Amino acid sequence: MKQNKLSYKIEQYLMFAGPGTALFLAVVIVPFVYGLYLTMTSWDGVSATKPFVWFENFAAAFSDGDYWAAMGRTVIYSIFAVVLINVVSFALAYLVTRGIKGQNFFRAGFFVPNLIGGIVLGYVWKFVFNRAFVAIFSSTSLLSTTEGAMFCLILVSVWQYAGYMMLIYVAGFMSVSKDVEEASRIDGCTSSQAMKNVTIPLMRSSFVQCIFLSITRCFVVYDVNLSLTNGEPFKSSTMAAMHVYNQAFTYKNYGLGQSEAVILFAVCAIVGVTQVLIGKRGEVEA
Amino acid sequence: MKKRVLAILLALVLVLALAACSNGGSSGSGSSGDQSGEKVAITIFNSKMEIQDQMQEMAEEYSKEKGVDVEVYYSSDTVAAHLSTRYASNDPYTISMVDAKDIYSLAAEHAVDLSDQDWVKDTTQAIAIDGKTYGFPVCVEARGIIYNADAIKKATGADFDPTSIKTTADLKAIAEKVGTGVMKEDWSLAAHYLAEVYEQHDDPDAFIAGIKDGSIKLADDEKFNKMMDTFDVLKENNYAKDAAISAEREVTEQKLAEGEIGLMFGGNWDWSVLNAYDYSENMGMMPVPNDVDDGSSDKLVGGGSKYFFIDSSDNTSDAQRKAAKDFLNWLVYDEAGQDFIVNKCALVPAYSNITLAVQDPLGASVKKYADAGALIPNYNYLPDDHYAKCGAIFQKYLANEIDRAAFADEITEYWSTAEVGAH
């Protein structure tokens with residue numbers, strides 16, 4: 001049988017990648033395209049009819065002040081959270097690859113928060129902020145002020161993701177061969193110089209990956225937002241994803257909510273892809 | 001060799017996972033038809049989470065006794081969103097339990113006209129649209145101020161008589177001694193308290209229309225101001241005055257049950273939480289007193305809560321519809337059905353022929369007001385985003401971020417673009 005015939009190629013493709021492709025089409029592509037169609041209807045989410053309105057929803061989305069306020073909040077939250085997550089997780093990874101006693105235990109310990117679902121985690125921290133801290137410091141709850149609620153969200157997100165990102169950085173540290181670091185030390189580098197000039201550049205792909213993951217996750221944060229603050233006080237901690245959900249399901253403007261979700265997707269994709277492109281540019285292949 | 005075994009195992013696991021998925025997918029459906037068999041099967045959608053266990057138990061017994069297969073389903077999704085997916089897949093429930101406003105949006109397309117049923121004459125809470133009755137009220141719920149009479153007695157030294165509270169000043173005298181709990185949830189503030197401002201007007205439709213077109217200035221409205229005066233009394237004597245916005249309802253309810261505070265705005269549904277504590281039986285509900293002389297200080301606000309409707313689509317057979325109607329009649333006229341509503345589920349019945357005593361003290365208060373005709377009806381047509389948006393504004397007022405004038409302005413601003421639901 002000729003192996004470069006088209007039918008052969010198709011057959012082979014279907015055999016190996018067919019199931020995956022079918023699933024991907026069914027659960028990602030089709031809903032996405034259907035979602036795009038829904039952005040052009042004024043569907044309320046319940047009714048049997050879906051009136052077609054072209055781009056009215058996008059016009060409404062661009063003039064929805066609450067949405068853009070939530071979006072601005074999400075950007076601020078993401079900037080703080082992404083920087084902190086990566087600084088903390090890098091520091092943790094550094095600590096648990098130094099060969100300290102019980103380092104596997106610490107690795108596991110730092111990773112555990114990531115195993116707890118965001119909803120549960122939010123409720124646990126809500127209890128800590130609202131009851132435990134209030135009882136210990138006899139102050140008012142951090143969650144009752146606008147800035148405090150934001151601070152709590154960032155803190156909990158950092159706590160949640162730092163362990164996960166730490167694992168990627170640990171892998172990065174392990175992948176850097178001891179030889180090059182030792183060579184730099186023989187050439188006269190101090191340990192911080194070796195870190196800065198040898199180890200970190202070689203770990204660049206870990207950084208690209210971690211920053212990409214943390215950006216995309218922070219932009220669409222929902223579960224922690226829901227269980228920790230639920231947008232309170234007075235809707236001042238509603239993130240973009242939560243606003244989209246409320247718009248579509250609670251306020252029953254499904255079409256409008258869907259188009260706001262598409263805008264959120266676009267923003268998230270642009271930021272994420274730009275970051276990866278910039279990050280990849282200087283990557284060292286070792 | 002080892003690798004191959006591993007690969008085969010992995011493949012097996014994946015296949016099993018897929019098989020499990022497909023099983024899960026099909027188990028939910030397949031209960032719609034059944035016209036051919038001699039046994040009729042009906043499905044009931046329950047949206048009242050706290051009675052799901054009782055519903056399932058009842059379904060089992062009902063199936064045994066009446067020879068009708070009853071399956072009860074529950075979903076934590078938004079009611080309307082869940083039903084829309086069932087309708088989209090042509091697999092609706094025979095009977096669905098929904099909120100009042102869902103009847104208005106769903107009935108025209110999906111519900112059977114129940115006007116000819118016996119129970120219609122025994123209730124004042126059924127929902128009719130254009131003269132046709134579609135909604136079967138499951139129970140009555142009402143809002144007002146929940147009091148703990150023992151706590152008040154301890155604080156004032158005198159027996160507490162809820163009917164003696166007629167004015168805001170009366171409430172203030174008690175509140176200063178015993179302390180209050182104030183809700184901070186957007187639904188409680190906007191959908192329950194602010195809504196009372198609309199509902200206590202003779203014609204809420206006209207009042208809201210007046211706010212919309214500017215002919216009524218909310219800031220100058222007597223009812224609004226008097227109700228806010230009463231709210232201020234609750235707010236000033238709040239046990240968590242400095243952190244009102246982070247006071248969790250469960251904590252407030254615990255304090256009320258344990259007698260640390262004596263008053264709280266809420267409804268008889270709060271009993272499910274209050275009941276969990278070492279409570280005093282001497283609790284009850286009283287109207288929100290306000291200084292407008294229109295009798296509203298003698299009335300709770302409330303009415304039917306949760307409605308059953310029967311599916312009208314071709315997916316439901318006439319035999320199923322008949323069984324569904326029989327079931328609704330069973331709830332109202334059969335002793336077992338009455339017992340189920342009043343004793344098993346601890347709900348306040350919406351039917352005048354049901355004379356069983358309501359067990360919980362809050363429900364008993366509601367029943368007393370309902371029987372006396374002292375319930376101001378719910379206004380079921382507020383826009384879907386009303387509770388969230390106005391709730392956020394109300395929360396700012398509660399946290400002293402804005403004053404009453406700014407509060408009225410922002411509510412007016414909200415109404416400038418909002419539309420009430422069709423009715």
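The structure shown here is a predicted model.

Begin with chain A as a whole. Chain A contains 12 helices and zero strands. Along the principal axes, the C-alpha atoms of chain A fill a box of roughly 80 × 75 × 30 Å. The chain has 286 residues, and 34% of them count as buried. Take the contacts in chain A between residues at least 6 apart in sequence: 73% of these join residues at least 24 apart.

Next, look at helix α5 of chain A, which covers residues 118–137. This helix has a kink of about 35°, and the kink is centred on A:Val128. Several residues of α5(A) are buried: A:Gly118, A:Leu121, A:Gly122, A:Trp125, A:Lys126, A:Phe129 and A:Asn130. Among the elements of chain A that cover these buried residues are α4 (103–115), α6 (146–175) and α10 (223–229). After α5(A) comes A:Ser138, which has a positive phi, near 35°.

Now move along chain A to helix α11 (residues 240–250) and helix α12 (residues 254–281). Their axes come within 7 Å and cross at roughly 160°. Angles over 145 degrees count as roughly antiparallel, so α11(A) is roughly antiparallel to α12(A).

Which residues in α11(A) and α12(A) meet? On the α11(A) side they are A:Ala240, A:Ala241, A:Val244, A:Gln247 and A:Ala248. On the α12(A) side they are A:Tyr254, A:Leu256, A:Gly257, A:Gln258, A:Glu260, A:Ala261 and A:Leu264. By class, this contact of α11(A) with α12(A) is made up of eight nonpolar residues, three polar and one charged.

Helix α11(A) also has a part in what lies between the chains. There, 17 residues of chain A are in contact with 18 residues of chain B. On the side of chain A that touches chain B, α11(A) supplies the largest share, three residues. That side of chain A has seven nonpolar, seven polar and three charged residues.

Note on methods: Residues are numbered from 1 along each chain as its sequence is written. Chains are lettered from A and ligands numbered from 1 in the order in which they are written. This is a predicted model: local features need pLDDT of at least 70, side-chain atom pairs count only at pLDDT 80 or more; totals for chains, interfaces and linings use all residues. Axes are lines fitted to C-alpha atoms, for helices over the stretch in contact, and angles run from 0 to 180 degrees between N-to-C directions. Helices (H or I, at least four residues) and strands (E, at least two) are DSSP runs, numbered from the N terminus. Angles under 35 degrees count as roughly parallel, over 145 as roughly antiparallel, 65 to 115 as roughly perpendicular and the rest as oblique. Two residues are in contact if their C-beta atoms, placed from the backbone, lie within 7 Å. Ala, Val, Leu, Ile, Met, Phe, Trp, Tyr, Cys and Pro count as nonpolar, Asp, Glu, Lys and Arg as charged, and the others, Gly among them, as polar. A residue is buried if 20 or more other C-beta atoms lie within 10 Å of its own, exposed if 12 or fewer, and partly exposed in between; C-beta atoms are placed from the backbone. The bend at a residue is the angle between axes fitted to the seven residues ending there and the seven starting there.
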